[in-house]
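Subject: Structure for you to look at

Dear colleague,

Please find the structure below. My notes on what was found in it follow.

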Amino acid sequence: MARIIIADDDEFFVDLVRAALEPLGHAVGALSDGDNVSAVVNRKQPDLLILDCSMPGKTGIAVLREVRASKTYRVPVIMITGRTSHADEDIGYQAGADDYMRKPVDPDNLVVRVEALLPEPLRRAG
Amino acid sequence: MTNDPGLAVAARSEATPTYPKGAIILALIAIALVSFGGVAVNLLVGERLKIITNSQIEVLQSVQEISFINTQKEEVIDIALVDGDLRRLEQALILQGNLRTTLSRLERAIRLPENRIAFRDAFNVESELRAAEEQQALLIAAGRLQDARALDLDPQRRAFMHQIEQIKQRSQHYVAESGGHIDFWLQLNLMVNLFASLLVGATLFLMIRRTRVWARQLTRMEREARVAAQAKADFLATMSHEIRTPLNGVIGFADLLLDDSELTVEQRRQVGQIQGAGSMLLAVVNDILDFSRLDAEKLELDIAPLAFEGLLDDCISIVGQMAREKNLLMSLDVDPALADRYLGDADRLRQVVLNLLSNAIKFTPAGGVSLSAKVADSVGERDRVIIEVADTGIGIAADRIEQLFQPFTQADSGISKRFGGSGLGLSICRRLIDLMDGTITLKSDPGCGSTFTISLSMVRCDDAVAEQPEHGAAEPGARILVVEDLPMNREIALGMLARSGHSVEVTDSGENAIAMLRDGAFELVLMDIQMAGMDGVETAKRVRALPGAAGRVPILAMTANILPQQVRSYLDAGMNGHVAKPLRQGHLDKAIADALGASQARAEVVDLTQSSDGFDEAAFDRIAAILPLPKLETHLATLSALTREIAKGQLPEAETQAGVHKIGSQAGALGLFRLATAARQLEDCLFNSLPSDLARARFAEAAGDTDLFARPRLEARLAA
């Protein structure tokens with residue numbers, strides 16, 4: 001019911017996200033490098049963005065800053081990180097991240113965190 | 001009904017805004033001044049300027065011409081005087097004619113009366129001059145050259161030219177004077193325009209200031225409306241809870257009493273009335289709650305596979321008693337072309353059909369009510385399903401049909417007095433069907449009955465796996481803990497659970513519940529939410545933190561707070577489901593059976609998964625359950641190949657670092673903990689440029705884990 005974009009070069013993780021979210025009726029689109037994420041996001045205006053911190057091209061934080069530069073549209077963003085220290089998360093939250101998840105991501109947990117950021121009508125029913 | 005209560009309130013509470021009268025008058029004056037004053041002045045000034053300019057040009061040309069002709073003529077006459085040449089004299093007389101013509105043109109060019117006098121003087125002088133010249137010509141013609149020369153004409157000639165010169169000067173003076181006039185008009189024009197601009201500016205200022213005031217008012221009213229809407233939602237939630245709690249007492253005790261065999265027939269009838277009245281009140285409360293949730297767009301459908309046949313059967317049997325009491329025939333016709341299962345919200349669909357059926361029975365004094373479902377057409381995996389509820393009742397006039405679907409309306413106000421009801425039923429039906437992307441229509445003739453037709457486009461659901469597990473009646477004898485601080489509710493729950501054969505313990509606080517759960521083995525907890533002290537949500541969270549089996553006991557919220565966001569918060573706190581208050585025996589049994597069944601199923605899964613060294617099979621299974629297996633196979637192969645390559649040390653440092661990063665997260669997700677840990681340690685060493693020999697050795701040790709642990713597990717699944 002929601003349109004979600006995931007930007008990650010890890011195909012396994014992308015498949016996992018699709019497998020976790022698509023059965024709930026969400027449409028998941030994937031991008032594998034950071035360079036054109038913000039352009040795509042501003043054009044498609046998805047309901048949620050899942051952003052990996054380390055990708056080829058621009059890093060997740062750089063993409064996040066670009067996405068947050070838009071004055072008219074604010075997409076909820078979940079940052080995905082493999083190796084994290086709290087300092088990294090602080091930078092991310094200051095740049096406008098809504099949530100942080102650390103790989104390996106538990107699919108059930110992902111569903112809960114994703115739905116928490118979606119506006120109520122877009123959540124799975126019930 | 002508008003979707004945004006804020007705007008509706010704003011629109012109602014403020015009269016249509018208007019600009020101040022002053023501003024409008026100013027604007028009109030400004031427009032009048034600019035259009036009439038400005039244009040008139042411009043035309044006037046322009047016309048005068050044209051006249052003056054043309055006149056001046058003509059005067060100057062004429063004066064110049066006269067000077068020229070006069071000089072030429074003097075020369076010709078001088079030569080004629082010296083030579084006594086008559087032909088020259090004739091030439092001089094022609095020039096004289098030219099001079100006259102020019103003089104009369106000069107007269108026409110002169111528009112000022114004073115100049116006309118000067119011109120007449122000039123004309124007189126010219127006549128004298130001409131007379132003298134003609135005399136001279138006669139003398140020459142008579143051969144009296146001596147006399148002709150003696151006749152000195154210079155003073156007359158000078159006087160004539162003096163007069164002409166004066167005309168020129170006067171004309172210039174006139175132009176200067178008129179210029180002054182024009183200057184005045186131009187300045188007036190400028191002043192008028194300036195004044196008009198000021199008026200326009202003032203008007204704009206007033207209008208903008210007023211607009212800003214409106215904008216501020218609108219913002220404030222919108223904010224107030226939002227607050228009011230939130231307050232309304234909160235109020236509804238509270239009222240729903242406050243009404244349901246005493247209703248729980250009424251309906252629950254009536255239910256329990258009806259089971260009591262010692263009641264006399266009269267008492268049993270009276271208790272039946274109490275239960276009936278309580279159920280009706282509950283229906284009204286539910287209608288109001290549904291309506292406000294639909295109005296606030298907060299109602300969500302719970303989409304799951306549903307079977308039409310069973311659903312419609314249920315509906316008929318629920319209203320059967322009502323129909324029998326009125327001696328009405330009931331019929332059900334289900335099209336065999338209907339698929340076994342469709343995706344939809346069974347509860348909401350049942351609510352709509354039940355509402356239509358009970359309406360039909362209510363408004364049908366004799367005859368019957370029929371319910372039918374059929375497939376109208378199919379496109380791809382979708383069927384258009386038509387559900388019809390037809391009766392032989394009093395019907396309704398065509399012009400009132402649309403009104404019937406509006407909230408708070410019944411076909412005539414007498415109806416609500418005769419038949420009762422909230423008047424919201426059909427409006428709720430239409431909104432629910434709207435929510436399902438369907439349509440509901442009514443055809444009726446007064447006196448000949450009514451037919452409600454629901455048309456839904458539904459997705460067939462042939463997948464037997466998607467079928468929800470049906471748990472029959474609860475197996476009796478489960479040990480259940482009831483946590484509830486109101487004695488009345490405790491007693492009702494106890495009574496109903498005992499009736500279903502469960503062994504029940506009760507407690508009145510969250511703290512006691514936690515202590516009891518820690519000690520004793522319960523199979524299920526029924527948890528009240530609003531309790532003095534520790535509330536149900538907090539208690540559930542603490543129970544989940546308990547070690548061992550006690551922390552995994554299924555918990556059902558038992559509450560009158562059943563708004564979706566409230567239910568969600570219970571699930572977030574770790575509870576497994578909810579039972580709505582007022583408690584009804586059937587609902588309670590089903591919820592308990594579901595919760596116990598699900599927990600058994602989970603227990604079986606847990607038994608299957610014993611964690612072996614470095615591999616969490618449960619974690620792997622969770623992934624395998626949601627990822628398509630061929631995809632999982634590909635990922636395992638990729639992971640295995642990448643791991644081996646890195647273990648052999650064949651890749652350059654940068655690629656190794658990116659590779660172990662990927663392995664760390666993938667292996668972790670797949671439950672390959674030894675491999676994941678080794679990958680992360682190696683990544684850390686490489687990232688921080690630390691000696692990596694030990695980490696590499698560990699990584700090499702774990703490199704085969706994918707094939708060793710995950711692969712066989714996947715193959716077992718593929719085989720199954």
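What share of the residues of chain B count as buried? Of its 720 residues, the figure is 28%. Please bear in mind that this is a predicted model.

Chain B

The secondary structure of chain B consists of 23 helices and twelve strands. If contacts in chain B are taken between residues at least 6 apart in sequence, 72% of them join residues at least 24 apart.

Chain B contains an open sheet of five strands, with parallel pairing and the order S9-S8-S10-S11-S12. S9 (503-507) and S12 (577-580) of chain B are its edge strands; each has a single partner strand, so one side of each has no neighbour in the sheet. From one strand to the next the twist averages 25°.

Within this sheet, S8(B), residues 479-483, runs parallel to S9(B) and is joined to it by five bridges. Val483(B) is found opposite Thr507(B) of S9(B).

Two helices that lie across strands of this sheet are worth a look. H13(B), residues 487-499, lies across S8, S9, S10 (524-528) and S11 (555-559) of chain B, and runs at about 170° to S9(B). H15(B), residues 536-544, lies across S8, S10 and S11 of chain B, at about 150° to S10(B).

Elsewhere in chain B, helix H9(B) covers residues 346-362. At 1.5 Å a residue its 17 residues should span 24 Å, and the C-alpha atoms at its ends are 24 Å apart, so the two values agree. The buried residues of H9(B) include the leucines Leu349(B), Leu356(B) and Leu357(B). Arg348(B), Asn355(B) and Asn359(B) are also among the buried residues of this helix.

In chain A, strands S1 (residues 3-7) and S2 (residues 27-31) run parallel and are joined by five bridges. Arg3(A) has Ala27(A) as its bridge partner in S2(A). Between S1(A) and S2(A) the chain passes through helix H1(A), residues 11-21, in a right-handed β-α-β crossover.

How many residues of each chain are in contact with the other? The contact involves 17 residues of chain A and 19 residues of chain B. On the side of chain A that touches chain B, H1(A) gives the most, with six residues. By type, the residues on that side of chain A are ten nonpolar, three polar and four charged.

Best regards

Definitions and conventions: Residues are numbered from 1 along each chain as its sequence is written. Chains are lettered from A and ligands numbered from 1 in the order in which they are written. This is a predicted model: local features need pLDDT of at least 70, side-chain atom pairs count only at pLDDT 80 or more; totals for chains, interfaces and linings use all residues. Two strands pair if DSSP finds at least two bridges between them. Helices (H or I, at least four residues) and strands (E, at least two) are DSSP runs, numbered from the N terminus. A crossover is right-handed if, with the strands pointing away from the viewer, the path from the first strand over the helix to the second runs clockwise. The expected span of a helix is 1.5 Å times one less than its number of residues. A residue is buried if 20 or more other C-beta atoms lie within 10 Å of its own, exposed if 12 or fewer, and partly exposed in between; C-beta atoms are placed from the backbone. Two residues are in contact if their C-beta atoms, placed from the backbone, lie within 7 Å. Ala, Val, Leu, Ile, Met, Phe, Trp, Tyr, Cys and Pro count as nonpolar, Asp, Glu, Lys and Arg as charged, and the others, Gly among them, as polar. Axes are lines fitted to C-alpha atoms, for helices over the stretch in contact, and angles run from 0 to 180 degrees between N-to-C directions.
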